[in-house]
Amino acid sequence: MTSSIEPPSPSRTTSTVWPGDPYPLGSTYDGAGTNFSLFSEVAERVELCLIAKDGTEERINLDEVDGYVWHAYLPTVTPGQRYGFRVHGPWDPSAGHRCDPSKLLLDPYGKSFHGDFDFTQALFSYDLTAEPEGTGTPPRVDSLGHTMTSVVINPFFQWGSDRAPKTPYHDTVIYEAHVKGMTQTHPGIPDALRGTYAGLSHPAIIDHLKSLHVTAIELMPVHQFMHDHRLLDLGLRNYWGYNTVGFFAPHYQYAANRHAGGAVAEFKTMVKTFHDAGIEVILDVVYNHTAEGNHLGPTINFRGIDNAGYYRLMDGQRELYKDFTGTGNSLNARHPHTLQLIMDSLRYWVLDMHVDGFRFDLASTLAREFYDVDRLSAFFDLVQQDPVISQVKLIAEPWDVGEGGYQVGNFPGLWTEWNGKYRDTVRDYWRGEPATLGEFASRLTGSSDLYEATGRRPGASINFVTCHDGFTLRDLVSYNEKHNEANGEDNRDGESHNRSWNCGVEGPTDDPDILALRDKQMRNIIGTLMLSQGTPMIAHGDEIGRTQLGNNNVYCQDSELSWMDWSLCETNADLLAFTRRIVKFRKRHPVFRRRRFFEGKPIRSGDQVRDIAWLTPSGTEMTPDDWGAGLGTCVAVFLNGEAIEAPDARGERVVDDSFLLCFNANDHSQDFVTPDGDYARQWTAAFDTADPTGASDLVVAAGEKISLQARSLLVLQKTA
């Protein structure tokens with residue numbers, strides 16, 4: 001049944017109101033007054049609500065409507081003004097309409113927010129005690145005072161000489177981090193700045209990242225997000241932030257200055273500081289769903305503004321939501337105004353906030369046209385032709401939870417991807433799984449099987465072994481099973497198939513042999529990551545052996561369990577030193593960060609040595625029979641530094657040293673004969689993961705036999 005639900009009569013309008021403009025959407029302060037603009041195709045009437053300091057409101061009818069955009073200009077409204085909208089229209093869930101003007105709605109284009117949600121009846125458009133289906137007549141409980149409000153910001157900022165670093169992918173090292181987790185316990189950061197944007201850009205953090213030769217920091221969600229009611233009832237919080245309520249606003253609880261839009265200026269200052277250090281800022285963005293959840297969720301913005309426009313609804317049951325994300329809803333990227341919102345948001349973060357790229361959470365959801373994932377979807381078309389967005393780093397998490405959602409290698413040529421196959425293969429190799437050698441070789445050399453056919457280069461493969469979602473590196477080598485009991489879901493949440501190995505004992509141990517093996521396995525994985533073709537990504541804290549005590553899903557753990565323990569810099573000083581050395585080594589040698597894929601061809605006519613060669617433990621080149629023989633765990637690869645065909649940025653030829661990478665994932669030592677003849681006359685060890693710091697004084701003549709320690713990686717450099 002279609003009906004319109006009316007709230008109490010509005011108060012008298014006292015503000016001066018001019019017609020204003022339909023674009024830009026949201027609130028825009030121009031130095032004199034503020035333009036307000038809201039899209040709603042379903043609305044019959046829209047009220048702008050100005051919230052006074054005492055919590056009362058002044059309601060202003062938006063009488064100007066152009067193309068379903070409701071707008072007005074208020075010459076007396078300045079930055080700091082809190083506001084919201086009330087949308088009058090049909091309440092007809094069966095048709096997909098859920099207008100409820102008793103709800104003060106957040107601006108979808110709001111650039112700053114204030115307050116919090118209390119999750120009382122006021123936030124919900126159905127009786128919490130009587131109607132679990134969420135389709136009955138709303139109880140008309142006003143949400144003012146129970147919900148966040150939008151805030152008009154001052155958009156002006158002195159960027160000075162700020163310039164984007166624009167680091168090429170082949171030179172990029174990404175560090176995935178959490179604003180609060182990185183800074184909450186750092187002893188060098190003042191207490192008032194811990195957990196904030198200002199704390200993240202403090203010299204203590206900048207110096208740490210520069211010591212790791214990181215070129216880009218990828219921030220876990222910083223769009224304004226909501227804490228789930230269920231988690232709050234359990235005494236937990238939404239720590240990760242994949243629960244967006246505002247796609248234009250930095251999460252204001254991460255700001256040291258939380259007043260009158262202070263988070264915006266603080267975020268901009270953080271970006272400027274990172275740029276001054278030569279570090280790019282990449283945002284993990286969540287355009288696949290919102291915090292309103294399914295039909296039983298709260299009404300805080302999109303649902304009450306234009307439910308059928310913003311969300312994907314079930315065919316034939318439009319009171320329900322399609323859910324490709326596992327969160328209750330999916331944004332309707334097929335709708336032109338929803339697409340506009342996504343693109344406007346992306347451009348805002350690039351042009352106004354100066355960020356350098358985006359990692360798209362569950363990106364396959366954005367590519368679904370009717371149901372299936374489509375590389376030719378409207379979203380990809382818009383990104384491809386956009387002169388701003390097409391020029392920044394675009395990283396896809398190339399999967400969602402829907403059917404056919406795993407799309408690694410299938411995104412268009414402009415995109416790079418989190419390479420889940422790299423993660424799984426490297427984990428399997430170092431835990432000694434059989435029959436992974438061919439796959440391991442493909443992943444080590446840039447995954448040409450996934451990316452070359454779409455015209456992409458090795459940098460399209462974002463190589464990672466650990467990230468926020470799953471075990472930390474320390475836990476990957478310390479636990480066979482997840483231990484998520486603290487999450488309140490009886491250990492049912494989180495990935496159960498982790499491809500991890502505890503090295504003989506589950507969890508903490510005092511056994512020195514097991515501890516030494518775990519340390520070596522961490523060096524093996526970090527070493528493999530940094531010596532692989534592609535773009536490496538480090539998960540924050542892995543360089544110092546951070547642990548979550550076996551919890552592989554700390555999305556709700558805003559505590560010491562998930563925060564960085566900076567004392568580990570001393571406890572695991574050898575691991576930190578190793579990581580710094582191996583990243584610097586990669587930076588110094590372009591043969592490990594080639595711009596183009598290996599071709600397996602000689603560099604000059606008559607040469608026997610090609611740009612790459614795979615060798616057996618006997619020192620001979622592998623044959624097709626060798627690849628199929630299940631050698632499995634011991635192999636070497638020769639990388640020819642004189643066979644880098646792609647020139648540098650100035651068109652000059654790139655020449656590097658040549659290296660032999662020797663991998664032994666066996667549980668016993670392995671004799672290996674170094675190649676001779678045209679390969680080299682002498683080899684000198686550059687790295688050996690058998691040593692706590694990777695150091696080695698090994699010098700060996702070509703053709704001689706060496707012994708690779710069990711589960712170790714030896715890097716030999718051609719020195720004669």
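Visitor: Which residue in β21 is the bridge partner of arginine 359?

Guide: This is a predicted model, in which local features need pLDDT of at least 70, side-chain atom pairs count only at pLDDT 80 or more, and totals for chains, interfaces and linings use all residues. Residues are numbered from 1 along each chain as its sequence is written, and side-chain values use heavy atoms, with hydrogens and water left out. Strand β20 (residues 357–360) runs parallel to β21, and four bridges join the two; strands (E, at least two residues) and helices (H or I, at least four) are DSSP runs, numbered from the N terminus. The partner of arginine 359 in β21 is isoleucine 395.

Visitor: Which residue in β22 is the bridge partner of isoleucine 395?

Guide: Two strands count as paired if DSSP finds at least two bridges between them. Strand β22 (residues 416–418) pairs with β21 in the parallel sense over two bridges. In β22, isoleucine 395 has as its partner threonine 416.

Visitor: Are the residues on the two faces of strand β21 buried or exposed?

Guide: Buried means under 20% relative accessible area, exposed over 50%, and partly exposed in between, with a 1.4 Å probe and protein chains only. In a regular strand, side chains alternate between the two faces of the sheet. In β21 (residues 393–396), Lys393 and Ile395 lie on one side and Leu394 and Ala396 on the other, and all are buried.

Visitor: How many residues has the largest nonpolar core?

Guide: A nonpolar core is a set of buried Ala, Val, Leu, Ile, Met, Phe, Trp, Tyr and Cys residues joined through side-chain atoms within 4.5 Å. Val355 and Phe267 are among the residues with the most contacts inside the largest core, and contact means heavy atoms within 4.5 Å. Residues that Val355 touches include Leu283 and Trp349, when those up to four places away in sequence are not counted. The number of residues in the largest core is 161.

Visitor: Which strands are the edge strands of the six-strand open sheet?

Guide: The order of this sheet is β25-β26-β27-β32-β29-β30, with antiparallel pairing. An edge strand here pairs on one side only. The two edge strands are β25 (612–615) and β30 (699–701).

Visitor: What angle does the direction of helix α13 make with that of β32?

Guide: Axes are lines fitted to C-alpha atoms, for helices over the stretch in contact, and angles run from 0 to 180 degrees between N-to-C directions. Helix α13 (residues 512–531) packs on the sheet, where it touches β27 (659–664) and β32. Its direction and that of β32 make an angle of about 45°.

Visitor: Which residue takes a positive phi in the hairpin of β18 and β19?

Guide: Strands β18 (residues 313–314) and β19 (residues 317–321) run antiparallel and are joined by two bridges. Methionine 314 has glutamine 317 as its bridge partner. Two residues lie between the strands, and a positive phi near 80° is taken by glycine 316.

Visitor: Why is the chain as compact as a globular protein of that length?

Guide: The chain has 16 helices and 32 strands. The globule rule, 2.2 Å times the number of residues to the power 0.38, is compared with a radius of gyration taken over C-alpha atoms. For 720 residues the rule gives 27 Å, so the chain counts as that compact because its radius of gyration is close to this value, at 28 Å.

Visitor: How far apart do the C-alpha centres of domain 1 and domain 3 lie?

Guide: The chain is divided into domain 1 (26–152), domain 2 (174–591) and domain 3 (599–718), with bounds from an automatic or database domain assignment. Between the C-alpha centres of domain 1 and domain 3 the distance is 64 Å.
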